[in-house]
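Please have a look at it on the screen first, and then we can go through its parts in turn.

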Amino acid sequence: MMQKPKKMIVANWKMNVTSEKDAVGLFNSIKNVVSKLDYTQMICCPPHMYVNQVAKQANHKNYRVGGQDAYPEESGSRTGETSVLMMKNAGAEYVILGHSERRHLETKSDVARKVTAVLEHDMSPIICIGEETRDKNWKKTLQQQLKDVFNRVPKKNPENIIIAYEPIWAISSDKKNPATSTEYMEALEVIKKELQKIFKTATAVSKIRFLYGGSLDDKNIEDFLKNADVDGFLVGRVSHDPRILMTMFRLVEDHVHKELVEAITK
Ligand code: PGA
C-alpha cells in the first residue's frame, strides 16, 4: 500500500521573529517534539535572513525549511531581492508564493514566474490563493487565480506543488474568524475542478497537496481534521508560539493515528 505523505504544518513566521538568536531558539524549542512525530511534518518559514541558520538546525526529515518569497532570476542586478537559487543554497526546500500580504507588491505574472523558478529548482511552491470576500464572484476569483498561475507554468512535477487556500477575510482576522471546514471544502471543490481543466488529468491533480490557512489555532484545527479533506495547514499568527504550535502538532498526530487504527480495525 502506498504510504500517504505526512500532514504538514507550515509555520509562516512572517516578520515576527527579529533576531537570529530568537529564530534559532524558537526553532529548537519546537524541533524535539516534531522529530518524534510519525505522521506530521513541520515546514518552518522564517524571514529570509534567518533561513540559513534555521536550516542548519533542520537535520531531521520531520522538519524542513521554506522561504516566504523568492525572486525568479538566479542572480543579477536586483537590489534587495533574494533569488530562488539563494533560497535553495541557504537550505530552503519550499517557498510560499502569492501570499495575500505580498500580492499588492507583485503582478500575477510575477507570481507565475516565481512558481516556475521554484519548480525548476526542484523545490516546492506553496501557492496561496483566496477570495477577499464570499461575494457572488468568489468562485470565479479562485478560478482566475489558478489560471493566472498555471496557464503560465510548465505542467510538470505536480507532486511538488502545494496549494494553500487562504481566504483573505480569514487571515489574521481580528475576530479570529477562520473559515469553517465546510467553507474550505466548498473552495476545494472549485479548486480541484479548475485544476482538472488546466492539467487535463485527474492523476496530476491527485498528486497536488492542499492546505488550509487563515486564523488557525489549537481551538479550531480539529474542525478541519475531522470534517475536511486536507493535507495540512498554513499557520501565521500562532506559528511563533511554541505552546500552541505543539498542541496543534499533537492534535494532527492523534487524529491521523486514530484514522489509521480505525481503517485497520474496520
Ligand atoms: P494567520 O496567517 O494564521 O495569522 O491567519 C496565515 C497566513 O497568513 O499565512
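This is a predicted model: local features need pLDDT of at least 70, side-chain atom pairs count only at pLDDT 80 or more; totals for chains, interfaces and linings use all residues.

The pairing in question is between strand E3, residues 63-67, and strand E4, residues 94-97, which run parallel to each other and are joined by two bridges. If we step back from this pair, we find a closed barrel of eight strands, which runs E1-E2-E3-E4-E5-E6-E7-E8 with parallel pairing, and from one strand to the next the twist averages 25°.

On this sheet packs helix H4, residues 108-120, which touches both E4 and strand E5, residues 124-129. The direction of H4 makes about 155° with that of E5.

Now to a pair of helices: at what angle do H5 and H6 pack? Helix H5, which covers residues 138-150, and helix H6, which covers residues 181-199, pack at about 35°, and their axes are 10 Å apart. The crossing in which H5 passes H6 is right-handed. On the H5 side, the residues that take part include Trp138, Leu142, Leu146 and Phe150, while among those they meet on the H6 side are Val190, Ile191, Leu195 and Phe199. Sorted by class, this contact has ten nonpolar residues, one polar residue and four charged ones.

Let me turn to the empty spaces, which can be shown by rolling a probe the size of a water molecule over the atoms. The second largest pocket has a volume of about 340 Å³, and 17 residues line this pocket, with Lys14, His48, Gln68, Asp69 and Arg102 lying nearest its centre. By class, the lining of that pocket is made up of six nonpolar, six polar and five charged residues.

And how many cavities of 30 Å³ or more does the structure hold? There is one, and the volume of the largest cavity is about 110 Å³. The largest cavity is lined by 15 residues, of which Gly214, Ser215, Val235, Gly236 and Arg237 are the closest to its centre. The lining of this cavity has five nonpolar, seven polar and three charged residues.

That is where I will stop, and I am happy to go back to any part.

Key:
Residues are numbered from 1 along each chain as its sequence is written. Side-chain values use heavy atoms; hydrogens and water are left out. Axes are lines fitted to C-alpha atoms, for helices over the stretch in contact, and angles run from 0 to 180 degrees between N-to-C directions. Helices (H or I, at least four residues) and strands (E, at least two) are DSSP runs, numbered from the N terminus. A crossing is left-handed if the near helix is turned anticlockwise from the far one by less than a right angle, and right-handed if clockwise. Contact means heavy atoms within 4.5 Å. Ala, Val, Leu, Ile, Met, Phe, Trp, Tyr, Cys and Pro count as nonpolar, Asp, Glu, Lys and Arg as charged, and the others, Gly among them, as polar. On a 1 Å grid over the protein atoms alone, a cavity is a set of points where a 1.4 Å probe fits but cannot get out, and a pocket is an open set with protein on both sides within 12 Å along at least five of seven lines; lining residues have an atom within 4 Å of a point. Grid points are joined across faces, edges and corners, and a volume is the space filled by probe spheres set on the points. Two strands pair if DSSP finds at least two bridges between them.
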